[in-house]
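Here is a colleague's note to read beside the structure, written as numbered points. Please keep the viewer open and look up each residue as it is named.

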Amino acid sequence: MPIAITREVSRAIAACELTHLARAPIDVGRACAQHAAYRAALAQLGCEVRCLPEEPELADSVFVEDAAVVLDELCVLMRPGAASRRPEVDSVARALAGLRPLARLAGPGTMDGGDVLVLGRDVHVGLSTRSTRAGIDELARLLAPHGYRVHATEVHGCLHLKSAACALGEDTVLVNPAWLDPRTLGDRPVIEVDPAEPFAANALRVGPGVIHAAAFPRTRARLEAAGFAVVPVPADELAKAEGGVTCCSLI
């Protein structure tokens, strides 16, 4: 049974870091309810869901994906690009201890887990406001002994690489081509988001299904037409903090 590590929504989420979105009021109670629905979807797809307690002083801490990258051989603890988020990493490290050997980015480079897209032995890392070339070079050194190829990947107009592209399986990728040139991910089948839903490229493949934000029915129809079993979840309140469905768990 896969394990999904999550964390309760912080009561301080309204003070989250923002890069591409204007600040809007966030209803904490509604965000918590949406996060509960998300955890239920993970359980529905066969995960053992482990939920870490709230971090009331760490506004972005519900987005546990940014603290680590999980591979078959090891977990790499990140050095987030926003300094305010670096205290999130130690508690995630404790949750991962015993599940995989741990490595850690030491710096001075930075990286958010949301910028890391694993496609087989290829690891694409978005060059973003949060992840730097120095961080990518350090990750490449850590992963080289395990046979991974690390690629710096240009993204435009979005926070993270996984805002623009997510894996739907071993090969197929869901992409917003306005934010990422799909050719940079290699010769793989691509499903493009509906142009009216630019944020719809964020999707989480778990076992037999794909968790996807309910706000994007047009792109969901494209996924279902391609044969994917989509589990829609409400996520619009968390999206005000620039979060997506991949951000809220480590599988």
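1. For sorting residues by class, Ala, Val, Leu, Ile, Met, Phe, Trp, Tyr, Cys and Pro count as nonpolar, Asp, Glu, Lys and Arg count as charged, and the others, Gly among them, count as polar. With that in hand, the lining of the second largest pocket can be read as 14 nonpolar, nine polar and five charged residues. Please bear in mind throughout that the model is predicted.

2. The second largest pocket has a volume of about 460 Å³. Of the 28 residues that line the second largest pocket, Phe199, Ala239, Glu242, Gly243 and Gly244 are the closest to its centre.

3. The largest pocket holds about 1100 Å³ of space, and 35 residues line it, with Val70, Val118, Leu204, Arg205 and Ile251 lying nearest its centre. Which strands each supply at least two residues of its lining? They are E1, strand E3 (68-70), strand E6 (116-119), strand E9 (165-167) and strand E12 (203-206). By class, the lining of the largest pocket is made up of 22 nonpolar, six polar and seven charged residues.

4. Leu117 is found in strand E6, which is one of the strands that supply the lining of the largest pocket. Is Leu117 buried or exposed? Its relative accessible area is 2%, and Leu117 is therefore buried, given that buried means under 20%. Leaving out residues up to four places away in sequence, Leu117 touches Asp122, Val123, His124, Leu161, Lys162, Ala165, Cys166, Ala167 and Leu185. The C-alpha atoms of Leu117 and Asn202 are separated by 11 Å, although these two residues are 85 residues apart along the chain.

5. Ser10 lies in the loop between strand E1 (3-7) and helix H1 (28-44). Why does Ser10 count as buried? Ser10 counts as buried because its relative accessibility is 0%, and the cut-off for buried is under 20%. The side chain of Ser10 reaches the backbone oxygen of Leu58 at 3.4 Å. When neighbours within four places in sequence are left aside, the residues in contact with Ser10 are Val28, Glu54, Glu55, Pro56, Glu57, Leu58, Ala59 and Ser61.

6. The structure holds one aromatic pair. Trp179 and Phe199 form this pair, which is edge-to-face, with 5.1 Å from centre to centre and 75° between the planes. The pair links distant parts of the chain, for Trp179 is in the loop between strand E10 (173-175) and strand E11 (190-192), while Phe199 is in the loop between E11 and E12, 20 residues apart. Trp179 is buried, with a relative accessible area of 12%, whereas Phe199 counts as partly exposed at 44% relative accessibility. Readers who have followed point 2 will recall that Phe199 is also among the residues closest to the centre of the second largest pocket.

7. How many cavities of 30 Å³ or more are there? The count comes to two. The largest cavity has a volume of about 60 Å³, and its lining consists of Glu17, Asp60, Phe63, Asp66, Arg85, Arg130, Leu159, His160, Ala241, Glu242, Gly243 and Cys247. These residues divide into four nonpolar, two polar and six charged.

8. The second largest cavity holds about 50 Å³ of space, and it is lined by Gln34, Tyr38, Val233, Pro234, Ala235, Leu238, Gly244, Val245 and Cys248. Its lining divides into seven nonpolar, two polar and no charged residues.

9. Most residues other than glycine have a negative phi, and most peptide bonds are trans. Glu242, although not a glycine, has a positive phi of about 60°. The peptide bond from Gly107 to Pro108 is cis, with omega near 15°, and Pro108 is found in the loop between strand E5 (102-104) and E6.

Technical notes. Residues numbered from 1 in each chain as written. Predicted model: local features only at pLDDT ≥ 70, side-chain atom pairs only at ≥ 80, totals over all residues. Heavy atoms only, no water. Helix = DSSP H or I, 4+ residues; strand = E, 2+ residues; numbered from the N terminus. Buried < 20%, exposed > 50% of the residue type's maximum accessible area, 1.4 Å probe, protein only. Polar contact = N/O pair within 3.5 Å; in protein donor to acceptor, adjacent residues only side chain to side chain. Contact = heavy atoms within 4.5 Å. 1 Å grid on protein atoms, 1.4 Å probe; cavity = no way out; pocket = protein on both sides within 12 Å on 5 of 7 lines; lining within 4 Å. Points joined across faces, edges and corners; volume = space filled by probe spheres on them. Phe/Tyr/Trp six-rings, centres within 6.5 Å; stacked < 30°, edge-to-face > 60°.
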